[in-house]
Amino acid sequence: MSSQTATPPTWDLDVLVSGGPGGPAFSTRRDTLRQRLEEAAARVAALGAVADDPAGWAQLIVTLTQLDDDLGDLSSFAGCASAVDARSEAARAAEGDADELERQRKLVVVALDATLDAAPDAAFDALLARPELADHAAALRHQRAGKRLRLPPALQALKVAMDREALTAWGRLYDQISGTLTAELALPGQEPRRVGIAEVAALRADPDPEVRARASAAGAAAWGSVRDLCAHTLTQIVGARQQHNDRLGVDELAYTMHGNRVDAALLDAMWAAADAARPALVRYLRHKATLLGKERLDWYDVEAPVGSSDRRWAWGDATRDILGAFGGFHPELATFAGEALDGRWVDALPREGRLPGGFCAGFREAGQSRIFMTFTGTLDNATTLAHELGHAYHNRVLDAEPSARCALTSALAETASTFAEAIFRDRLLATAPTTRSAPSCSTSSCRPPPPS
């Protein structure tokens with residue numbers, strides 16, 4: 001059972017799509033989705049105005065929602081396969097297939113948006129009043145409210161058609177670079193060895209300051225070797241987005257604010273709260289540096305534990321403590337986490353070819369999630385696992401809701417995960433020996449999942 005082993009596990013993707021990203025099951029799903037998208041595109045072209053055929057448009061919206069779910073599952077599967085082995089040609093090809101399907105879907109959405117945007121308010125309201133769209137109304141109103149963020153339909157379709165080469169491909173290239181990057185790492189008392197950049201990144205929270213320093217230096221040298229290529233890649237991503245924003249006359253925050261239901265007043269209030277809290281954070285960081293015996297923190301010390309404990313966490317220790325913490329809060333959460341761990345939903349074994357960071361991807365059809373992280377035995381790793389299990393539990397809750405109501409803002413998406421971290425952290429603090437300094441749990445950031 002994964003929750004009882006000492007070695008970090010690898011996950012089971014075969015129950016999601018048998019045969020892997022290069023197998024016939026994946027190809028069959030891909031081809032079926034392609035055909036369904038072509039049928040949806042034909043239906044959009046055949047439909048008239050919303051007022052002329054509200055039933056037809058309503059049925060198309062329901063169909064597209066199911067397509068979103070199925071394409072999301074396939075895309076997440078391809079992303080998971082690539083995350084654990086960025087060198088895999090089959091995984092990269094699967095991601096390319098998923099990108100192409102997503103382009104087809106977005107072209108259908110361009111036509112849908114254009115029709116809904118052009119509909120008179122009375123016709124739009126009548127469409128949303130149809131019973132089959134009861135769960136879709138809020139999302140459709142929000143989508144229509146974002147009209148100012150769309151180019152005229154012909155130009156918007158052209159942008160979508162070109163995005164795979166002009167934008168998405170740069171992101172895929174960055175993933176391939178980071179997934180295949182290795183570093184020469186020489187830890188205290190060990191011979192130098194070549195390791196993946198994901199393992200190096202996971203060591204930045206090691207309790208041994210010498211390990212942190214050497215891992216940081218090794219990572220910096222590795223990234224330095226591809227500095228120009230990374231800079232060029234990121235420049236193209238930013239440049240493509242900026243060109244689009246300039247054409248629309250909006251700033252770089254417009255899409256993020258609309259997608260997260262945030263307006264300027266709320267953003268200003270959040271910044272004001274952050275500014276007010278900054279002095280306390282600065283005092284904390286200065287005190288942490290003192291506890292670590294330094295005048296000021298190095299970058300690789302930010303996530304380091306504080307205290308006299310030099311504990312190394314075996315995988316089984318981490319899962320036992322997390323399950324205990326979850327069980328102390330609510331047995332249902334612990335039962336779910338046990339299901340995820342024993343069902344091999346987690347891939348955490350350090351090895352070359354892995355992407356750095358971590359994520360949780362949901363698979364709606366299977367009612368499961370997959371968690372990606374790299375576990376090297378630090379407290380921060382254990383906290384990351386608790387965090388990602390929180391995401392997975394959130395996915396389980398959402399599986400019981402209609403798909404049309406499951407689109408999450410970034411802030412909402414992180415609530416369950418940070419709450420799960422807090423449960424784990426509180427348990428550690430409550431059970432820490434009083435004669436020794438309590439460990440410090442730092443919040444780990446997540447890589448954005450693949451569509452879920």
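A salt bridge is counted here wherever a side-chain nitrogen of Lys or Arg lies within 4 Å of a carboxyl oxygen of Asp or Glu, and by this rule the count comes to 36 salt bridges. This is a predicted model, in which local features need pLDDT of at least 70 and side-chain atom pairs count only at pLDDT 80 or more, whereas totals for chains, interfaces and linings use all residues. Residues are numbered from 1 along each chain as its sequence is written, and side-chain values use heavy atoms, with hydrogens and water left out.

**View 1. Salt bridge between Asp99 and Arg172.** The closest N and O atoms of Asp99 and Arg172 are 2.7 Å apart. This pair links distant parts of the chain, 73 residues apart, with Asp99 in helix 3 (residues 89-118) and Arg172 in helix 6 (residues 153-180); helices are DSSP runs of H or I with at least four residues, numbered from the N terminus. Asp99 counts as buried at 13% relative accessibility, while Arg172 is partly exposed at 27% (buried means under 20% relative accessible area, exposed over 50%, partly exposed in between, with a 1.4 Å probe and protein chains only).

**View 2. Salt bridge between Arg87 and Asp85.** In this pair the closest N and O atoms are 3.3 Å apart. Arg87 is partly exposed, with a relative accessible area of 44%, and Asp85 is likewise partly exposed, at 26%.

View 3. The closest N and O atoms of Asp228 and Arg227 are 3.9 Å apart. Asp228 counts as exposed at 60% relative accessibility, as does Arg227 at 57%.

Note on methods
Helix = DSSP H or I, 4+ residues; strand = E, 2+ residues; numbered from the N terminus.
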